[in-house]
Amino acid sequence: MRFQRTATYDAAPAEVFAMLSDPAWRAAVGAAQGVTSQKVTVTPEGDGCRIVIDELQNTAGLPAIAKKIAGETTRAVVTEVWSSPTSGTVEIVAPGKPTKMVGTTRLVADGDRTQQVTELECTVKVPLISGKLEQLMVDNINAGRTVEETVGAAWLKGER
């Protein structure tokens, strides 16, 4: 299942990239999303960087069928590899679970603003119910991106 989301920030791409690659911003997003625990690693690579977010998420509120697979909590590892300050790849996995999201993210200047365009392909390898679980994953990622955009807008205004 395909996921696409465009977030808009009132800042230049360089400012948005600086925010996205700041472990403190990633921690603020995790706190706003209510993650149980989180470890963020940012490693410079060439003109870009590698960002790894390893977090434990509570599954309260998920449908019973999803909780059967995920359990009471689930671990998510998000890896973003930015080959430049405006382009990167994204991979989201839940170790030991039959789920995966892979795709791209890019920052596009739009006047005084920046559009962050994220496109992912979601796959769940569970016979008969994969479509329902993929939709659930896409919905959760979309909700998480909404939180990121809200925290990002405040961050760029100096609210930290």
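Residues 24 or more positions apart supply 52% of the contacts with a separation of 6 or more in the protein. A contact means heavy atoms within 4.5 Å. The model is predicted: local features need pLDDT of at least 70, side-chain atom pairs count only at pLDDT 80 or more, and totals for chains, interfaces and linings use all residues. Residues are numbered from 1 along each chain as its sequence is written, and side-chain values use heavy atoms, with hydrogens and water left out.

Of the 160 residues of the protein, 39% count as buried. Buried means under 20% relative accessible area, exposed means over 50%, and partly exposed lies in between (1.4 Å probe, protein chains only). The protein exposes about 8200 Å². Carbon and sulfur atoms supply 54% of that area. Accessible areas come from the Shrake-Rupley method with a 1.4 Å probe; for residues, only the protein chains shown count as cover.

The protein has four helices and seven strands. Both kinds of element are DSSP runs, numbered from the N terminus (helices: H or I, at least four residues; strands: E, at least two). From the N terminus on, the order is β-α-α-β-β-α-β-β-β-β-α.

Seven strands form an open sheet in the order E1-E7-E6-E5-E4-E3-E2. Their pairing is antiparallel. Two strands pair if DSSP finds at least two bridges between them. Strands of a sheet pair through backbone hydrogen bonds, either parallel or antiparallel. E1 and E2 stand at the edges. Each has a single partner strand, so one side of each is left without a neighbour in the sheet. From one strand to the next, the twist averages 15°.

Two helices pack on this sheet. H1 touches E1, E3, E4, E6 and E7. The direction of H1 makes about 145° with that of E6. Helix H2 (residues 23–33) touches E2, E3 and E4. The direction of H2 makes about 155° with that of E2. Axes are lines fitted to C-alpha atoms, for helices over the stretch in contact, and angles run from 0 to 180 degrees between N-to-C directions.

Strand E2 (residues 37–45) runs antiparallel to strand E3 (residues 48–58), and nine bridges join the two. Thr41 has Val52 in E3 as its bridge partner. Pro44 has Cys49 in E3 as its bridge partner. The hairpin of E2 and E3 has two residues between the strands. In this hairpin, Gly46 takes a positive phi near 60°.

The structure holds nine salt bridges. A salt bridge is a side-chain nitrogen of Lys or Arg within 4 Å of a carboxyl oxygen of Asp or Glu. Side chains of opposite charge can pair when their charged atoms come close. One of the nine salt bridges joins the side chains of Glu121 and Arg2 (3.8 Å, N to O). This pair links distant parts of the chain: Glu121 lies in strand E7 (residues 113–124) and Arg2 in strand E1 (residues 2–9), 119 residues apart. Glu121 is partly exposed, with a relative accessible area of 31%. Arg2 is exposed, at 55%.

Arg5 and Glu149 also meet in a salt bridge through their side chains (3.1 Å, N to O). Arg5 lies in strand E1 and Glu149 in helix H4 (residues 130–156), so the pair ties together parts that are 144 residues apart in sequence. Both Arg5 and Glu149 are buried. Glu119 forms a salt bridge with Arg106, with the closest N and O atoms 3.8 Å apart. Glu119 lies in strand E7 and Arg106 in strand E6 (residues 99–110), so this pair ties together parts that are 13 residues apart in sequence. Arg106 is partly exposed, with a relative accessible area of 34%.

A search of the whole structure finds one aromatic pair. The rings of Phe17 and Trp82 have their centres 5.5 Å apart and their planes at 70°, so the pair is edge-to-face. Rings of Phe, Tyr and Trp (its six-membered ring) pair if their centres lie within 6.5 Å; planes under 30 degrees apart count as stacked, over 60 as edge-to-face and the rest as tilted. Phe17 lies in helix H1 (residues 13–20) and Trp82 in strand E4 (residues 73–84), 65 residues apart. Phe17 counts as buried at 13% relative accessibility. Trp82 is buried, with a relative accessible area of 0%.

Ala18 also lies in helix H1. At 43% relative accessibility, Ala18 counts as partly exposed. Ala18 and Pro85 are 67 residues apart in sequence and 8.4 Å apart in space, C-alpha to C-alpha.
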